[in-house]
Amino acid sequence: MLTIRNLISAGDSILSVIAAFVTLGAAFASAAEPSKVDIGHLNLLDANGQKHSLESNSRRTGTAFVFLSSECPISRQYIPELNRLQQAASSAAGEVGFFGILSDSSITRQAAAKFIDEFKISFPVLFDASGEMSAIFQPDHVPEAFLVNPTGDIVYRGRIDDLYPEIGKRRAEPKVRDLLDAVNALAEKRPIPNPRTTAVGCLFEAHDANGPEKVTYSRDIAPILFANCVECHRPGEVAPFSLLSYQDAAKRAEGIARVTESRQMPPWRAETNYGHFMDERRLTAHQINTIKNWSASGRAEGDPADLPPAPKFTSGWRLGEPDLVVEVEAPFEVPADGPDIFQHFVLPTEITKDEMVVGFEFRPGNPAVIHHAIVFLDNSGRARSRDAETPEPGWKTSGSIDASVTSMIGVWTPGMTPRFFSQNVGVPFDKGTDVVLQLHIHPSGKAETDRSKVALYFAKKPVTKVMSRNPLLLGSLAIEIPPGEKRHKLSSRITLPAGLTLNSVFPHMHLIGKEMKITAVLPDETIVPLIWIKDWSFYWQDSYVYNEPVYLPEGTRLEIEAYYDNSAENPFNPQSPPKVVLFGNDTTNEMCFALFQAVADDPGGIRRIGSVQTMILEFNAAPISAGSRALIMAEVVKLFGIGRRTASAPPAGGNLPSQNK
């Protein structure tokens, strides 16, 4: 194969090489070139196998991507300048991310790593093995720079600077530093002086390595699995098998292709671009097609030089040394089979002064059986009273907590990256508070034990925002779903009497839930999408943390819409034949809730919203039969702990009191 490197070694002058292989684009790309890119959900490996989550772009001022070549002379000559630009970008206001991209089907990952080492490249260089990034950005030259703002708009595209005004001519110093000017303008929130310039460099060769006959495990499949799947699919974790080796993947190729094409895996239920969240576990259509092609074309292993290093996983606390660690007091015995278990534990603490929690990290004692965990706080003693009702440590439920606790810290799911709360937010932790842990446990087929831990991190300086002790609750209690109904609708809304900021949302339904959509309508009727799950699964519940906290001003309406399938055709329907389904705490009952962790503009703002009061008023007005109403009221008392906090019970057969207690 004739390459630039061959020509150079053959003794040709650098100018003749440039003349032969370098071209200046005479005109801008066609109108089809992208103006916006969807990269927030991408997890990609660099040439050294390090994983990079591009969702971090939404929390930065922006991110620069520069397509490079290991052979193009101009691209190579720009490396020192790009190193300097990366330093400038990282120092810019709000920080601008900086990545190189090698997207060349003729270079192996091993050769790419050697090139990066030899040229002492100081910024991460993504190895675009299958042409994923080139398909998104559609470069026409190398080097070519793209600057993306937090919402995915390409705000600059083109040359790095004007060092090369035309073919064969090179200035001693550039007069205009286009990429640097664009980075500074974006960081300072100024208009970018020249958002589109013509790149000077070698023509970018369109990636052709994704045909069915060319897809290999080492180059194309392993990077996808390592970046998106092996956090769970490795020995000792919750997934049932490992995907760390070629043999692991090859023997399951057809199944992997099927579950990725149907988007069962990776498990992520939220719809694209209806809310933007951290740690989105989504594959692109390009990645799914790559897996499908590999499965259908012989499952080639490929060149070992293309294989990224096996990923390394942190063994210690990922957020650093915690201020407090609490642990389930004795190993919990998990049976070999049977239904999923929702087990609750009270974990006492010995904190002698009030603190502010600014982060938490959950560590499953046995990752093979822990499906998810919810961490609560309780300083009322009600969780201890509930625990005392059973002889063994903790208590079981069918999904709800069945105890009224003080506040919620957060949710853990496999593969989740622990983080401190954003924007200097803290959660009050009073002295004498207990940690209450709900574990969703999935029997593995053999008897197991678990002893999970929770680490808490306390503020070292005053926090500027205090998260509400109790989540903001949106939903409905008026659940009476007739048998045979395939799309039963529930809806509810509340109007905010105070401004607040949403940090996360935890949607919740049970087995016959099918869809949930939550929207905010601002006072000027602007729609703010919050989350939409079109294909609900009780077994894949998650807490969705917003990439950027969502501010909603006073007067905003929060609206929830949910649908249920109580037909015989629903494979998840626990009743055969179908029966009337009511609101309740068991999984055979139903719920319709969204729990938001939120920070109100003023103290007590969440309490003033009165979301439970709104649900009770809607329940009292709903056309529900008298028998169903009494059963639902009993479940409401269990869920909200009304009976545990008051001496009197609600009136039998009557309405619930139309106020919070």
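Predicted model: local features only at pLDDT ≥ 70, side-chain atom pairs only at ≥ 80, totals over all residues.
Helix H4, which covers residues 79-91, has 13 residues and reaches 19 Å from its first C-alpha to its last, close to the 18 Å expected at 1.5 Å a residue.

- The buried residues of H4 are Ile79, Glu81, Leu82, Asn83, Leu85, Gln86 and Ala89.

**Helices H14 and H15**

- Two packed helices are described by the angle between their axes and the distance between the axes.
- For helix H14 (residues 611-621) and helix H15 (residues 626-640), the packing angle is about 170 degrees, and the axes are 12 Å apart.
- Because angles over 145 degrees count as roughly antiparallel, H14 is roughly antiparallel to H15.
- On the H14 side the residues that meet the other helix are Val612, Phe619 and Asn620, while H15 contributes Arg629, Ile632, Met633 and Phe640.
- Sorted by class, the contact of H14 with H15 has 5 nonpolar residues, 1 polar residue and 1 charged residue.

**Aromatic rings**

- A search of the whole structure finds 23 aromatic pairs, and one of them is formed by Tyr274 and Trp532, whose ring centres are 5.3 Å apart and whose planes stand at 70 degrees, so the pair is edge-to-face.
- This pair links distant parts of the chain, since Tyr274 is in the loop between helix H10 (253-261) and helix H11 (285-296), whereas Trp532 is in strand S28 (residues 527-533), and the two are 258 residues apart.
- Tyr274 has a relative accessibility of 13% and therefore counts as buried.
- Elsewhere, ring pairs link Phe65, Phe67, Phe99, Phe137, Phe146 and Phe204 into a cluster.

**Arg263**

- Arg263 is placed in the loop between H10 and H11, and with a relative accessible area of 42% this residue is partly exposed.
- When the neighbours within four places in sequence are left aside, Arg263 is in contact with Leu283, Thr284, Ala285 and Ile288.
- Arg263 and Trp395 are 132 residues apart along the chain, and their C-alpha atoms are separated by 35 Å.

Terms used:
Residues numbered from 1 in each chain as written. Heavy atoms only, no water. Axes fitted to C-alpha atoms, helices over the stretch in contact; angles between N-to-C directions. Helix = DSSP H or I, 4+ residues; strand = E, 2+ residues; numbered from the N terminus. Parallel < 35°, antiparallel > 145°, perpendicular 65-115°, else oblique. Contact = heavy atoms within 4.5 Å. Nonpolar A, V, L, I, M, F, W, Y, C, P; charged D, E, K, R; others polar. Expected span 1.5 Å × (residues − 1). Buried < 20%, exposed > 50% of the residue type's maximum accessible area, 1.4 Å probe, protein only. Phe/Tyr/Trp six-rings, centres within 6.5 Å; stacked < 30°, edge-to-face > 60°.
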